[in-house]
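Subject: Structure handover

Hello,

Here is the structure I said I would pass on. My notes follow below it.

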Amino acid sequence: MDMNTLTSKPTSMLLSNATGTKICVTQNPSRSNHQQCYYMDLGWIRRDGSLKGLVYSTTPTKSITSVERSSSRRFKARAFSEEQEALVVKSWNAMKKKNPGELGLKFFLRIFEIAPSAKKLFKFLNDSDVPVEQNPQLKPHAMTVFVMTCESAVQLRKAGKATVRESTLKDLGATHLKYGVVDEHFEVTKYALLETIKEAIPEMWSPEMKNAWAEAYDQLVAAIKNEMKPSN
């Protein structure tokens, strides 16, 4: 399905929240016979009672795809293919043989190098008099975040959606909201993550692998953002 059709041209859609949903896209509403129809399994993404997007899969499933509405009210589709999954799994298996703790520390130090103000988000850094890289709480925290992010990428297709271990997306959303994490922080983190992986496995790195990790990260962030809402 060409999602550009949904965002760049007048469309009408018939949707129902059920397996085997029929979606009909009319490229020109004045010509009702000029229509393409698809059968998909749909799941809704809602926030504060309003529709924010949907997740769909086709049969046979070649990718896990999410469609979300941006602040400009345009829908953007994201997919994670079998090929991307293979690249992520292969590279993560290689990184696990190294030192995840050191990789996590490099990951966070790269974040602080790009955006020094990000250190203000971590109370244990603000209350410390030692250099950031020597803070005893940073390395274990950094390793936890790094491993969680990588494991989420590995599990994306198997789970059919972004998931996390040792926590929940709801808790992560609440924590990120509490500490004032914004889009710019997510973008800096994404760049730092990709650079850390690239340096860890330079012999395996490729544009395709970069895109695979970027896609997995974007889907995790989208899931976290979906939970970043004030509690009632």
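A residue is called buried when its relative accessible area is under 20%, exposed when over 50%, and partly exposed in between (1.4 Å probe, protein chains only). By that rule, 42% of the 232 residues in the chain are buried.

This is a predicted model, in which local features need pLDDT of at least 70 and side-chain atom pairs count only at pLDDT 80 or more, while totals for chains, interfaces and linings use all residues. Residues are numbered from 1 along each chain as its sequence is written, and side-chain values use heavy atoms, with hydrogens and water left out.

Confidence: pLDDT (the predictor's confidence in each residue, from 0 to 100) averages 76 over the chain, and 66% of the residues score at least 70. It stays under 50 over residues 1-49 and again over residues 54-64.

Elements: the chain has eight helices and five strands, taken as DSSP runs (helices H or I, at least four residues; strands E, at least two) and numbered from the N terminus.

Packing: helix 6 (residues 169-178) meets helix 8 (residues 207-226) at about 75°, with axes 7 Å apart. Axes are lines fitted to C-alpha atoms over the stretch in contact, and angles run from 0 to 180 degrees between N-to-C directions. Helix 6 is therefore roughly perpendicular to helix 8, a term that covers 65 to 115 degrees. In contact (heavy atoms within 4.5 Å) are Leu169, Leu172, Gly173 and His176 of helix 6 with Leu220, Ala223 and Ile224 of helix 8.

Regards

How values were computed
Angles under 35 degrees count as roughly parallel, over 145 as roughly antiparallel, 65 to 115 as roughly perpendicular and the rest as oblique.
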